[in-house]
Amino acid sequence: MRIPRRILATAATAAVLLPLSACGSGDDSSSGDASGKVQGDITFQTWNLRANFKSYFEGVIADFTKQYPGTHVKWIDQPAEGYADKLSAQAAGGTLPDVVNVSPDLAAPLAKAGLALDLDKDKAAAKYRNEYLPGAWASSQMPGLSGTYAFPWYLNTGPLFYNKALFKEAGLDPDQPPKTYAELFEDGLEIAKRTDGEVATLANVPTIEDFGRYGVQLMNKEGTAFAFNDAKGVELLTRYKELYDAKALDPQALTATPESSGQKFLTGAVAMNPGSALDLENFKTQAPSLYENIGITDQITSTGHVNMYVQNIMVNAQSKQKPAAVAFAHFVTAAKNQMAFAKQVAIFPSTKGSLDDPYFTKEDGTDETRVRVAAAKSLQTAVNYTPVLFSDQMKTALRNEVAKALQGKQSPKEALDNAVKACDRLLQQG
């Protein structure tokens, strides 16, 4: 797991290349379940956390071993870079730790290889299912496999900031920002028209999460092929092409980064942009007039559910101390420990009821709580739209084809057909 610089923890994107033929076929091939006595030595692996959260994890481990005498937890922390390669090497060499921090895409090949414990199948693990938000639990369900392959750990999402002054200047209600894509397209075209194309509404091209929030079916039910080139997907890209042509989508959106998009919003060149509490502090010092007119709203969605980013804790299906491994994975992700972690860094618990805590519902007038409350509210019913099988290479393929469509080099239908073909080819290679 990483806590990125912008604090919006995103799912890891590198694919783990495992020698699947040597590792299994997706079933738990180890003997026994996790219903025995919790005892013995286990190894717990995290992802770039020791430097900033050493005392927190040492405390969690100490509390666990106190609750379960006869257990010992060895904590290993891997660097941020190369984590996917490290998991691949551990899986191939039979040295995968008992309990492992993974994002959904990193868990997928491990599940297919029979190395991730199916929590729904294991009786000792399945009893914990109702402790977690349904959307978070579902984040570790893999296309083509039945079951759930990791405990939900922490969640994140980001609200949208918008410039109330720009909305007002365009004759729009500054207190009624767009909520759905239909409203976004309508408002975006109006802002571009009223400002003669000087102000765009967005500075980013549509991503796979946008297709998900628009209601597009991203993959077939079997998880064997992508499907975002259907009529609804083409409709979304067609509407983005209209924004681009009207200069309601920033001309530099094709090559934009989060930093460049943020700068566009800071200078008033775009009316809306995703962000975090860190951005609010930046607005206050660098753009006081923007800060005075800042609005905070949910992500744009036509499904009623925003996108969540999620990190999980997986149990090695081959663990020799499976009862202890399951107990510890649950202990780390239990409400008490998730809440304690959330108070150290800007993340959100995946456990039911936790987001109803005053820490996530009450504002105290600070920028930090304004964003925290807004994000926590949307997470109650959020969905992880990014398919667990959608790799970095696939994201690049989609982005390249989207750019061609926006530039008029090919139709939206042709672009998405080509993107799906490229992603399907990468899927088969994986």
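The model described here is predicted, and it holds 31 aromatic pairs. One of them joins tyrosine 132 and phenylalanine 151, a tilted pair with 6.1 Å from centre to centre and 50° between the planes. Tyrosine 132 belongs to the loop between helix H5 (123-126) and helix H6 (134-138), whereas phenylalanine 151 is part of strand S4 (residues 151-156), so the pair ties together parts that are 19 residues apart in sequence. Both tyrosine 132 and phenylalanine 151 are buried.

A further pair is formed by phenylalanine 185 and tyrosine 240; the ring centres lie 5.7 Å apart and the planes stand at 80°, so this pair is edge-to-face. The label follows because planes over 60 degrees apart count as edge-to-face. Phenylalanine 185 sits in helix H8 (residues 181-194) and tyrosine 240 in helix H10 (residues 231-245), so the contact ties together parts that are 55 residues apart in sequence. Phenylalanine 185 is buried, as is tyrosine 240.

The two pairs are set side by side below.

| Aromatic pair | Centre to centre | Angle between planes | Type |
|---|---|---|---|
| Tyrosine 132 and phenylalanine 151 | 6.1 Å | 50° | tilted |
| Phenylalanine 185 and tyrosine 240 | 5.7 Å | 80° | edge-to-face |

Aromatic residues also gather in a cluster, whose members include Phe44, Phe53, Tyr56, Phe57, Trp75, Trp153 and Phe341. Charged side chains are found over aromatic rings as well. Lysine 232 is placed over the face of tyrosine 214, 5.0 Å from the ring centre. In a like arrangement, arginine 372 lies over the face of tyrosine 359, with 3.7 Å to the ring centre.

Phe341, a member of the aromatic cluster, is one of the buried residues of helix H15 (residues 335-342).

**Strands and overall fold**

Helix H2 takes part in another arrangement too: together with S1 and S2 it makes a right-handed β-α-β unit. Strand S1 (residues 40-47) pairs with strand S2 (residues 71-78) in the parallel sense, over 8 bridges. Within this pairing, glycine 40 has threonine 71 in S2 as its bridge partner.

Over the chain, the secondary structure comes to 19 helices and 9 strands. How does the radius of gyration of the chain stand against that of a compact globule? For 430 residues, such a globule would have a value near 22 Å, and the chain has 22 Å, which agrees. Along the principal axes, the C-alpha atoms fill a box of roughly 70 × 50 × 35 Å. Of the 430 residues, 56% are buried. Among contacts with a separation of 6 or more, 76% come from residues 24 or more positions apart.

**Selected residues**

Leucine 184 is located in helix H8. This leucine counts as buried because its relative accessibility is 2%, and buried means under 20%. Leaving aside residues up to four places away in sequence, leucine 184 touches Pro178, Thr201, Leu202, Met272 and Ile300. The C-alpha atoms of leucine 184 and leucine 243 are separated by 9.8 Å, although the two residues are 59 residues apart along the chain.

Serine 378 is found in helix H17 (residues 367-379). With a relative accessible area of 10%, serine 378 is buried. Its contacts, not counting residues up to four places away in sequence, are Thr157, Asp298 and Val306.

Phi of aspartate 196 is near 55°, a positive value in a residue other than glycine. Aspartate 196 lies in the loop between H8 and helix H9 (208-214). Is aspartate 196 buried or exposed? With a relative accessible area of 69%, aspartate 196 is exposed.

Lysine 247 likewise has a positive phi, near 65°, in a residue other than glycine. Its place is in the loop between H10 and helix H11 (258-266). Lysine 247 counts as partly exposed, at 46% relative accessibility.

Key. Residues numbered from 1 in each chain as written. Heavy atoms only, no water. Phe/Tyr/Trp six-rings, centres within 6.5 Å; stacked < 30°, edge-to-face > 60°. Helix = DSSP H or I, 4+ residues; strand = E, 2+ residues; numbered from the N terminus. Buried < 20%, exposed > 50% of the residue type's maximum accessible area, 1.4 Å probe, protein only. Lys NZ or Arg CZ within 6 Å of the ring centre and 35° of its normal. Pairing = 2+ DSSP bridges. Right-handed = clockwise from strand over helix to strand, strands pointing away. Rg over C-alpha atoms; globule rule 2.2 N^0.38 Å. Contact = heavy atoms within 4.5 Å.
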